[in-house]
Amino acid sequence: MTSPPGGGSRKKRPVLVPVIAVLLATGMGATAVLGGLDQVPDPPPAALGPGDTLDQGQFATQFVESKFVAVPPPNRFTKEKRLIDLVFKVTNLGEKTVQVGSPPAPGRRPSFFTFFGGSVLRTEPEIESRSGGTAMVLTRGGTESRQLHPGVPATVVLRYELDQKARVPDKLVLHMGSFEMQERFPSKVAEWTSLMEEADQKSYAPVVVAKVTLPVERGEA
């Protein structure tokens, strides 16, 4: 796997990884490193479920639940809201406060992401929502925030408003991306960025590191 244009040396937090380790970690076997033709295929995405935790590099993310919520209309002039909430417990493992971000619109394949919300690359089936998803961080006082502070576990909700005629799925499979520390060229400043792989000779795509199956429960907003 070749680093995307503009990237630098692949890193762990925050130590540089040797080149041979990068090649091995990205699926190129020892024979390929030493000049052979054989390659070790990339491992399949991890299969996770409710309660499991994923190390995303920049974040430690626990998958809490997925729930459908029907919100009654406040008056006769408005319609009932039908929501799907994806609930996570997220700990920012970086050194800076960052924005939570929003997931890509259903049906749209992201080419790059920088915030936690964008790491939910897609759902299977796609959530039928014209407005897409919004992200919020629920604080202990019950207020909403858009920031993830270093070392502080936070409840993050990605909320989608379903189209009026959309079917509520029995379960959702979340395709999750990850982050890596990478030096920017030519500044050599190390920053967290999305883990990418070469899709073809001219483009890159986020790596799906885990597929998380969540039953869609009935709940309250």
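The exercises below work through aromatic pairs, salt bridges and the cavity of a predicted model.

Residues are numbered from 1 along each chain as its sequence is written, and side-chain values use heavy atoms, with hydrogens and water left out. Because the model is predicted, local features need pLDDT of at least 70 and side-chain atom pairs count only at pLDDT 80 or more, whereas totals for chains, interfaces and linings use all residues.

**Exercise 1.** Classify the ring pair of Phe59 and Phe116, and state whether each residue is buried or exposed.

*Solution.* Step one is the criterion: rings of Phe, Tyr and Trp (its six-membered ring) pair if their centres lie within 6.5 Å, and planes under 30 degrees apart count as stacked, over 60 as edge-to-face and the rest as tilted. By this rule there are five aromatic pairs. In step two, Phe59 and Phe116 have centres 5.7 Å apart and planes at 75 degrees, so the pair is edge-to-face. This pair links distant parts of the chain, 57 residues apart, with Phe59 in strand S4 (residues 59-71) and Phe116 in the loop between strand S6 (98-99) and S7; strands are DSSP runs (E, at least two residues), numbered from the N terminus. Step three takes buried as under 20% relative accessible area, exposed as over 50% and partly exposed as in between (1.4 Å probe, protein chains only). Phe59 is buried at 0%, and Phe116 is likewise buried at 0%.

**Exercise 2.** Describe the lining of the largest cavity by residue class.

*Solution.* A cavity is a set of points, on a 1 Å grid over the protein atoms alone, where a 1.4 Å probe fits but cannot get out, and lining residues have an atom within 4 Å of a point. The largest cavity has a volume of about 80 Å³. Of its 13 lining residues, the closest to the centre are Pro104, Pro106, Arg122, Thr123 and Glu126. The lining divides into seven nonpolar, two polar and four charged residues. Arg122 and Glu126 also meet in a salt bridge (3.5 Å, N to O).

Definitions and conventions: 1 Å grid on protein atoms, 1.4 Å probe; cavity = no way out; pocket = protein on both sides within 12 Å on 5 of 7 lines; lining within 4 Å. Points joined across faces, edges and corners; volume = space filled by probe spheres on them. Nonpolar A, V, L, I, M, F, W, Y, C, P; charged D, E, K, R; others polar. Helix = DSSP H or I, 4+ residues; strand = E, 2+ residues; numbered from the N terminus. Salt bridge = Lys/Arg side-chain N within 4 Å of Asp/Glu carboxyl O.
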